[in-house]
Amino acid sequence: MFSRLREDINSVMSRDPASRSALEVLTCYPGVHALMFHRLAHAAWTRKLYWLGRFVSHISRWLTGIEIHPGAVIGRRVFIDHGMGVVIGETAELGDDCTIYQGVTLGGTSLYRGAKRHPTLGKGVVIGAGAQVLGGFTVGDGAKVGSNAVVVKPVPEGATAVGNPARIIDRERDDAREQKAEAMGFSAYGVTRDMDDPMAKAIHGLLDHAVETDRRLALMIQRLEAAGVSVNGDGESADSFDAERLGKMVD
């Protein structure tokens, strides 16, 4: 038990630059407290002391703001940062070295008792603040889920999912940002500077194409009018295409 607690404290200090001492982490980090309570609750649950397990879990939720079902399986060196509003369901499984931020739900979509209803996180997974991971699928080792994403399908190993519903983004990264993430061992909040929603990228691509088409048409009209050819029979000018305004709508 004390070896696991020592691991928890060290994992927090290695991933949270705001931590200053082991004493501070032990006494002031609700994520560490929630894991301590969960080990007691899970031990009672696996011994079929279901009420006791739920009661310990309830006390933990009251004290820390983090709700972990006593049936959930949590690996080593898991870091629940800030933690307020985190909900981890009964059949959820978290691998070693996962990082969970505030407001995350590892929830289920099935009403069948005994079924695998909640997600399984591989090793080193990062779930950003406010993300919802819903269903009995797997998020692969080293994957990242961006803040406020809603994930309802499996996430491949090493991939990044963003958006609602979540989509897998490409793996292009800013070199400096990626080097910093590797040096720290993880990407805080599951985000990087260039991590755009793929749907927004597609819309931006269409807008760029529309702008270029509008430019070419304006050039053609200008040259036709210079040659004495009228292209506006009613004498009214065509409406201009405001790509900047539309672009801001999808930023």
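1. Starting with H82: this residue is partly exposed because its relative accessible area is 46%, where buried means under 20%, exposed over 50% and partly exposed in between (1.4 Å probe, protein chains only). H82 has a positive phi of about 65° although it is not a glycine. You'll find H82 in the loop between β3 (79-80) and β4 (87-88); strands (E, at least two residues) and helices (H or I, at least four) are DSSP runs, numbered from the N terminus.

2. Before going further, the ground rules. This is a predicted model, with local features needing pLDDT of at least 70 and side-chain atom pairs counting only at pLDDT 80 or more, while totals for chains, interfaces and linings use all residues. Residues are numbered from 1 along each chain as its sequence is written, and side-chain values use heavy atoms, with hydrogens and water left out.

3. N148 also deserves a look: its phi is positive, about 65°, although N148 is not a glycine. The residue sits in the loop between β12 (144-145) and β13 (150-151). N148 counts as exposed because its relative accessibility is 55%.

4. One for the omega check: a cis peptide bond joins N164 and P165, with omega about -5°. P165 is in the loop between β14 (160-162) and β15 (167-168). For context, most peptide bonds are trans, and most residues other than glycine have a negative phi.

5. On to the helices. Helix α3 (residues 30-46) and α4 pack at an angle of about 170°, their axes 7 Å apart; axes are lines fitted to C-alpha atoms, for helices over the stretch in contact, and angles run from 0 to 180 degrees between N-to-C directions. The pair is therefore roughly antiparallel (the cut-off is over 145 degrees). On the α3 side the contact includes P30, H33, A34 and F37, and on the α4 side S60, L63 and T64 are among the residues involved; contact means heavy atoms within 4.5 Å. By class, this α3 contact with α4 has 12 nonpolar, five polar and one charged residues.

6. Is T64 buried or exposed? T64 counts as buried because its relative accessibility is 7%. T64 lies in helix α4 (residues 50-64). The T64 side chain reaches the backbone oxygen of S60 at 2.7 Å, and a polar atom of that side chain lies 3.2 Å from the backbone nitrogen of I66. Leaving aside residues up to four places away in sequence, T64 touches P30, H33, A34 and M84.

Technical notes
A polar contact is a pair of N or O atoms within 3.5 Å; within protein, one must be able to donate a hydrogen and the other to accept it, and residues adjacent in sequence count only if both atoms are side-chain atoms. Angles under 35 degrees count as roughly parallel, over 145 as roughly antiparallel, 65 to 115 as roughly perpendicular and the rest as oblique. Ala, Val, Leu, Ile, Met, Phe, Trp, Tyr, Cys and Pro count as nonpolar, Asp, Glu, Lys and Arg as charged, and the others, Gly among them, as polar.
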